[in-house]
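User: Hello! I would like to walk through this protein model with you, one question at a time. Could you show it and start with an overview?

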Amino acid sequence: MMRTYHCLPLFFWTYVFHTVDNTLLQEKAYSHLPSKQIVSLTKGDGKMLHRTKRGWMWNQFFLLEEYTGSDTQYVGKLHTDQDKGDGNLKYILTGDGAGSLFVIDENTGDIHAAKKLDREEKALYILRAKAIDRKTGRQVEPESEFIIKIHDINDNEPKFTKDLYTASVPEMSGVGTSVIQVTATDADDANYGNSAKIVYSILQGQPYFSVDPESGIIKTALPDMSRENREQYQVVIQAKDMGGQMGGLSGTTTVNITLTDVNNNPPRFPQSTYQFNSLESVPLGTHLGRIKANDPDTGENAEMKYSIADGDGADMFDVITDKDTQEGIIIVKQNLDFEKKMLYTLRVDVSNTHPDPRFLHLGPFKDTAVVKVSVQDADEPPVFSKFSYLIEVDEDVKEGSIIGQVTAYDPDAMNNVIKYSVDRHTDLDRTFSIHSENGSIFTLKPLDRESSPWHNITIMATELNNPKQSSHIPVFIRILDINDHAPEFATYYETFVCENAKSGQLIQTVSVTDRDDPPRGHKFFFEPVPDVPLNPNFTIVDNKDNTAGILTRKDGYSRTKMSTYLLPILIFDNDYPIQSSTGTLTIRVCACDKHGNMQSCNAEALVLAAGLSTGAMVAILLCVVILLILVVLFAALKRQRKKEPLILSKDDVRDNIVTYNDEGGGEEDTQAFDIGTLRNPEAREDSKLRRDVLPDTVFQVRRTVPLWDHIDVQDFIHRRLKENDADPSAPPYDSLATYAYEGDASVADSLSSLESLTADGNQDYDYLSDWGPRFKKLADMYGGDDSDRD
């Protein structure tokens, strides 16, 4: 490196001297060339602007970066053909870095770099130069622009895009399998020399991996690398510039490579034989133990499946796979019996569920192990000879009769004694019982199929020495039918015959039911009662289909003579023993229309008018009820319209009803009512308004027709009633109307004292003593001076 830097200044100054010499030669060559002027524009004041041909002479300047010398670095020289060498011209430099990075000798035009430059920071600088006459201050040359380019040196090492790369490649991959590509960059100028030309190489990771020197692609270098042997690799890659030559700069990165798993390993049992023990009493599905095969692969490549290949216990046991642990679980498939078999042998296979066809050539991807299961004896409950029992018994069996038997045994080698019993929860009525030693079932109560055709009970068998060991079995008892019920009518029949019925007319079809259930089905027969073999009115016809028809035997029936007929019918079945019953059919005689539809069957209907149907009678009754309701509503409305009287004192003098409820004592009974007053022809006809009630409307006072002598009292009252009913001024509530008074020709004269004040003096009441004992009280009250004083 140091030798290279020492050679560079020599190369640089050789180049500069060559450039300066060329510049001086150009200055000499161009110094004799005349300047040409070209008219380009005309100002507004009439002066012409001239464009002078440029007289600057220099080549493009180049400068090496990272100069380390003690003196300033010479860049180049500015010169114009207007410079006569007399010192009258002044050179001025402006632009990028002028005065700071680049300085110019204003007399000679020499340019030097004042500082060390870095191409990676800035590759070129654009500057402008002027040449000014010192005396006049006029530019002898127009301002011109030139470029200083920084030449690159190899001062930047390659850098990778990542400090650490992570990659993976399947195990067992072939040589040259691409793993990952790494990339490095160099900040030096790729267009100048080999400073930025990078070459990749592997420093660590051989002989497993290699790297392409130009692209940086990392590849496998060994065949059949196994993840099970080694999974992680660390590879160090170097990137070197200068095309990898000596003196080039370099950088490194680390790549962590993982071998991913493939299914290249079959599962293997760690042992060839497994031993398990089980009680014979374990329930189905019990887990006896676990077996596990080893597979170096991971993930789904290590997933396994267990199965039973063969063996004498293939039907008794099964194996399932635990997906989480990849273990095989041995479970009980059927009930075990120590007394039948004490040892079972199984062959269990294990295989991968996702084999890779690329590696099948490595061998079968499965393994086999032997599993032995030893059955241990256990105290088992009794076992019945059947899973259930069905017993059939006739319903007329006698109490205490044996109807069946159940048997159970102890499966253990000890063969304990068995005790039988009935589960009373299934026989709450205690209809059955069982012999505790031999299992014989017998009845305790009579049986009735019609009440309970089936009895389902449970029988328990218990070891005598160990009551905890028990078992139970269902027993279904079917009660068989016997013919112990007589047939009877299926329903109550309301039968009628029309008065106008003809002979041989069907009036009713009857059917019967029987609570018995004969095995060949029901068959019923119908006959007249033997006591009355021939009925003159009706005939019983057996239809041979368990029904019978009732037919008439004459034309016409009369309700007046006989409204109801009773027809006894003998019914019997065909089972053994034959059961029979007598059903009586009630037949009513009814009136019917010409189509045979019943109209009335009651005898009271005969007194009604001919042709008046039941519907008409119902309509008449309905009308009467409606009229009664209207009358009640009208009376209620009249009560609501009743007005309060104008006189509300206790001395109300309105007419009152006086009840005369005795027959009287004849002509001598002067206290009785004298009906002769009603015959008085001079009774007042004037109809006066009520003074104690305020009338709604003032009507003209009506005049009644004068009465005549010897008028009939009944006719008189009727006429008064008509007059008051038609009177619009009558009060709107019940009141007593006066139709007559005593008149002027009373034999006893008036007894009233209303006109006593008009007399000049005291009246003489002595004549009252002459009227007899009945007026003695009045004579004592009004007769004599003492009476007046009192």
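**Overview of the chain**

The secondary structure of the chain comes to five helices and 43 strands, where helices (H or I, at least four residues) and strands (E, at least two) are DSSP runs, numbered from the N terminus. This is a predicted model, in which local features need pLDDT of at least 70 and side-chain atom pairs count only at pLDDT 80 or more, while totals for chains, interfaces and linings use all residues. Residues are numbered from 1 along each chain as its sequence is written, and side-chain values use heavy atoms, with hydrogens and water left out.

User: What share of the residues of the chain counts as buried?

Analyst: Happy to start there. Buried means under 20% relative accessible area, exposed means over 50%, and partly exposed lies in between (1.4 Å probe, protein chains only). Of the 790 residues of the chain, the share that counts as buried is 34%.

User: How much of the accessible surface of the chain belongs to carbon and sulfur atoms?

Analyst: Accessible areas come from the Shrake-Rupley method with a 1.4 Å probe, and for residues only the protein chains shown count as cover. The accessible surface of the chain comes to about 50000 Å², and the part belonging to carbon and sulfur atoms is 52%.

User: What is the strand order in the open sheet of four strands?

Analyst: Strands of a sheet pair through backbone hydrogen bonds, either parallel or antiparallel. Two strands count as paired here if DSSP finds at least two bridges between them. Pairing in this sheet is mixed, and the order is E19-E25-E24-E21. Its edge strands, each pairing on one side only, are E19 and strand E21 (304-311).

User: In which sense do E19 and strand E25 pair, and in which sense do E24 and E25?

Analyst: Strand E25 covers residues 366-376, and strand E24 covers residues 343-352. The E24 and E25 pair has nine bridges and is antiparallel; in E25, the bridge partner of Arg347 is Val370. The E19 and E25 pair has seven bridges, and its sense is parallel.

User: Which residue in E25 is the bridge partner of Gln275, and which face of E19 holds Gln275?

Analyst: Strand E19 (residues 273-279) has a covered face with Tyr274, Phe276 and Ser278. Thr273, Gln275, Asn277 and Leu279 make up the uncovered face. So Gln275 sits on the uncovered face, and its bridge partner in E25 is Lys372.

User: Which residues does Glu303 touch, not counting residues up to four places away in sequence?

Analyst: Glu303 is in the loop between strand E20 (287-291) and E21, and is partly exposed, with a relative accessible area of 31%. Glu303 and Asn352 are 49 residues apart in sequence and 5.8 Å apart in space, C-alpha to C-alpha. Contact means heavy atoms within 4.5 Å. By that rule Glu303 touches Gln326, Ser351, Asn352, Thr353 and His354.

User: Is Gln469 buried or exposed?

Analyst: Gln469 is in the loop between strand E33 (454-463) and strand E34 (470-480). Among the residues it touches are Asp379, Pro381, Ala461 and Glu463. Because its relative accessible area is 17%, Gln469 counts as buried.

User: How many residues apart in sequence are the parts tied together by Arg478 and Glu392?

Analyst: A salt bridge is a side-chain nitrogen of Lys or Arg within 4 Å of a carboxyl oxygen of Asp or Glu. The side chains of Arg478 and Glu392 meet in one (3.5 Å, N to O). Arg478 lies in strand E34 and Glu392 in strand E27 (residues 389-394), so the pair ties together parts whose separation in sequence is 86 residues.

User: Which residue meets Asp481 in a salt bridge?

Analyst: Asp481 is in the loop between E34 and strand E35 (488-489), and its partner is in the loop between strand E32 (440-443) and E33, 32 residues apart. At 3.0 Å, N to O, the residue is Arg449.

User: Where in the chain is Leu633, and what area does its nonpolar surface patch have?

Analyst: Leu633 is in helix H2 (residues 614-640) and is partly exposed, with a relative accessible area of 49%. Patches are made of residues with over 30% relative accessible area and no salt bridge, joining like charges within 9 Å and nonpolar side chains (Val, Leu, Ile, Met, Phe, Trp, Tyr) within 5 Å. Alongside Leu633, the patch includes Leu622, Val625 and Ile626. Its area is about 660 Å².
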